[in-house]
Amino acid sequence: MHRAGSFVAQHISPVTAEQVQPNGVDLTLEAVLEQVEPGRLGREGKTVGERRALDCADPDTETYRLDPGGYVLQYAETVHIPEDHVGFIYPRSSLMRNSCMLNTAVWDAGYEGKGEGLLEVHHPVELERGARVAQIVLADATHDETYDGSYQGERTR
Ligand SMILES: O=c1ccn([C@H]2C[C@H](O)[C@@H](COP(=O)(O)OP(=O)(O)OP(=O)(O)O)O2)c(=O)[nH]1
């Protein structure tokens, strides 16, 4: 069962009433990165290649103008996935209706941090820093142990 937005909101910080949706909570854009060197996933271990933070095309309004391509998007909110739950991200529908897609991996029980997502841009788009771009939902889930990986606490310290 997926939990109501009001439940999800208890695990997101900071959060405003505008972000709370019937079935989840909207996350906002903190930064857009462009990968500049290859990463590697091996049989043992992994490395994330260097990413460069993009400048806003309009610094006054903190607006990014993105051409078609793949970008790493960083969310502004700290998310805590409570025990007995798993999280998933969906794009805000207006982002998708503008020919962009935001992809998700699994948000594990016990994870806490400011996460990232892969933004696919299929038509030029403008995104303002602080704009609501994604929605996180929580579903009930059984699990073994809780998340203790390399991304625990990312961008919160
Ligand atoms: O779209 C997503 C999905 C997950 N996460 C966060 C929450 C998740 O709990 C954590 C780690 O994800 P995963 O376990 O898939 O990472 P990994 O590549 O297996 O690395 P590690 O083993 O170091 O955790 O990253 C995101 O920021 N964005």
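The following legends describe close-up views of a predicted model.

**View 1. Confidence of the predicted model.** The chain has an average pLDDT of 97. A pLDDT of at least 70 is reached by 100% of the residues. For the complex, the predictor reports an ipTM of 0.98 together with a pTM of 0.97.

**View 2. The largest pocket and its centre.** The volume of the largest pocket is about 730 Å³. Its lining is made up of 26 residues, and those closest to the centre of the pocket are A105, E116, G117, Y151 and E154.

**View 3. Strands in the lining of the largest pocket.** Two or more lining residues are given by each of strand 3 (40-41), strand 4 (46-47), strand 7 (69-75) and strand 12 (116-121). Strand 12 provides the largest share, with 3 residues.

View 4. Sorted by type, the lining of the largest pocket contains 12 nonpolar residues, 8 polar residues and 6 charged residues.

View 5. Q74 is a residue of strand 7. Its relative accessible area is 11%, and because buried means under 20%, Q74 counts as buried. Beyond its neighbours within four places in sequence, Q74 is in contact with T28, L29, E30, A31, L33, R51, G115, E116 and R155. One of these contacts, E116, is also listed among the residues closest to the centre of the largest pocket.

Terms used
Residues numbered from 1 in each chain as written. Predicted model: local features only at pLDDT ≥ 70, side-chain atom pairs only at ≥ 80, totals over all residues. Heavy atoms only, no water. 1 Å grid on protein atoms, 1.4 Å probe; cavity = no way out; pocket = protein on both sides within 12 Å on 5 of 7 lines; lining within 4 Å. Points joined across faces, edges and corners; volume = space filled by probe spheres on them. Helix = DSSP H or I, 4+ residues; strand = E, 2+ residues; numbered from the N terminus. Nonpolar A, V, L, I, M, F, W, Y, C, P; charged D, E, K, R; others polar. Buried < 20%, exposed > 50% of the residue type's maximum accessible area, 1.4 Å probe, protein only. Contact = heavy atoms within 4.5 Å. pLDDT = per-residue confidence, 0-100.
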